[in-house]
Amino acid sequence: GLEGISPGRNIQMSPYGTAASYRALDGSDPDDVRFVEEDADLDAGVDAKVVLRDRVVLDATVNPDFSQIESDAPQVTVNRRFEVFFPERRPFFVENAGYFQTPINLVFTRRIVDPRFGLRSTGKLGRNGVGLLWIDDEAPGRFVAPDDPRSGDRAEFRIARWSREVGAQSNVGAIYTERRFGTERNQVAGLDTRVKLDDHWVATVQAVGSRTRDGDGDDRDGHGVEAILNRSGRHLGVHAHARDYDEDFRADAGFVPRVDQRDLHAVVSWTWWPEGPRLISWKPQVTALRIDDQQGVRLERTGEVKLDFEFRRQTSLSLAYTDRVETLRPEDFPALAAPRDYDTGISRVEARTAAWPAVEFGVEAAWGDGIQFETVAGRPPEPATVAELELTASLRPVSRLR
């Protein structure tokens, strides 16, 4: 019979201060190498949190300190055509990030490198969820030429998100994002919905439009649409995904690494559960993908077969083969005189085990035919041989040390 219980006021303040100094080696004169004393670098800031009426959380930050954030997991970033995704790890952006999530990743806070001020408000009001974010970024003004009018300016981000629960596990929502830097401006607005069709099937759709003003004052309008159909169950799994982005779509506050495409891909899998003394489950999976540009020219065709095994004692094994035909165009690589097809085939093996409490092992290997995108200037991409090997080990000698 206990109702309407409030935890009371919740106000948190977390100030910080740092000081650093170092000596730099001056080697400009080989006959007189000396240390040059540098002045101390002082910095300070504060994070604050206020919970209003047990529903709405207001976060504020002034010159946040991110020096304690753990480093990103290693990824291979060379010879990649498109941007590599690194997840957010900074607490100010990770907390309550779910309020801003949509099927299309329109809020990618790694775009904000060095904020000076920031405000965020998130909360649940009945069936409605609301998220507001305003923050600046000093980094863009440092990376332009000193004679650029934007030198020293800050980029400003404004983001608003609303969602409403409809029925059982379904929702509708809207989002608006804006990034301003100097005379440049990018605005994105969109509508989305998630509909739970039954116990196994879920459909998700989002449509967005963008308007971008460049430094010359010219406006470009673009659109993007994604539709997803998922089925989850003990045996049959299905994922069907369609994307359509025109060449003028931009989401400067989000992560949309590829535009000018119409993409349709599907993944179908079936899981068996023998649950024997060693093998828990095994799953064959088939993937098919096709990407065209907005003029209907095929850019990529991919087929993949994969076999996953799950063993007891946290041990897994995955085998896969991917066959791909990728078409590269002169607009992608000016060294090409005409569109060119590249046939590739990659085999992959991945195994992991945590059978022992104090240690985990992992191995990933890939080999086959690929494409060398990064070539000598003036030469087109070339067929290449791919060989990758990654070994990982995590040690936990005691429960509190990794």
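This report describes the overall make-up of one predicted protein model and then several of its residues.

**Basis of the description**

Because the model is predicted, local features require a pLDDT of at least 70 and side-chain atom pairs count only at pLDDT 80 or more, while totals for chains, interfaces and linings use all residues. Residues are numbered from 1 along each chain as its sequence is written, and side-chain values use heavy atoms, with hydrogens and water left out.

**The chain as a whole**

The protein chain contains two helices and 20 strands; helices (H or I, at least four residues) and strands (E, at least two) are DSSP runs, numbered from the N terminus. Its C-alpha trace spans about 80 × 60 × 55 Å along the principal axes. The accessible surface of the protein chain amounts to about 24200 Å², and carbon and sulfur atoms hold 54% of that surface. Such areas come from the Shrake-Rupley method with a 1.4 Å probe, and for residues only the protein chains shown count as cover.

Among the 402 residues of the protein chain, 31% count as buried. Buried means under 20% relative accessible area, exposed means over 50%, and partly exposed lies in between (1.4 Å probe, protein chains only). Of the contacts in the protein chain with a separation of 6 or more, 49% are between residues 24 or more positions apart; contact means heavy atoms within 4.5 Å.

The protein chain carries 53 positive and 67 negative side chains, and the centres of these two sets lie 8 Å apart. Lys and Arg count as positive and Asp and Glu as negative, whereas His and the chain ends are not counted. The place of a charge is taken as NZ of Lys, CZ of Arg, CG of Asp or CD of Glu.

**Nonpolar cores**

A nonpolar core is a set of buried Ala, Val, Leu, Ile, Met, Phe, Trp, Tyr and Cys residues joined through side-chain atoms within 4.5 Å. The largest such core has 22 residues, and those with the most contacts inside it are L106 and F249. Two or more residues of this core come from each of α1 (91–94), β7 (128–137), β8 (155–166) and β9 (170–181). The largest share, three residues, is that of β8. Another core, of six residues, lies apart from it and includes L328, F333, L336 and I371.

**Selected residues**

| Residue | Relative accessible area | Class |
|---|---|---|
| T102 | 15% | buried |
| D292 | 16% | buried |
| N63 | 6% | buried |
| R313 | 55% | exposed |
| L299 | 2% | buried |
| F82 | 30% | partly exposed |

T102 is situated in the loop between α1 and β6 (117–125). A polar atom of the T102 side chain lies 2.4 Å from the backbone oxygen of I104, and a polar contact of 3.4 Å links the side chains of T102 and Q206. A polar contact is a pair of N or O atoms within 3.5 Å; within protein, one must be able to donate a hydrogen and the other to accept it, and residues adjacent in sequence count only if both atoms are side-chain atoms. Beyond its neighbours within four places in sequence, T102 is in contact with R161, I175, D192 and Q206.

D292 belongs to strand β15 (residues 279–292), and its side chain forms a polar contact of 3.1 Å with that of R290. The C-alpha atoms of D292 and Q261 are separated by 5.5 Å, although the two residues are 31 residues apart along the chain. Not counting residues up to four places away in sequence, D292 touches D260, Q261, R262, V297, R298 and L299.

L299 lies in strand β16. Its contacts, again leaving out residues up to four places away in sequence, include R258, D260, D292 and V325.

F82 is found in the loop between β5 and α1. Residues up to four places away in sequence aside, F82 touches P257 and R258. The C-alpha atoms of F82 and V50, 32 residues apart along the chain, are separated by 40 Å.

N63, in the loop between β5 (56–62) and α1, has a positive phi of about 50 degrees although it is not a glycine. R313, in the loop between β16 (298–311) and β17 (315–328), likewise is not a glycine and has a positive phi near 60 degrees.
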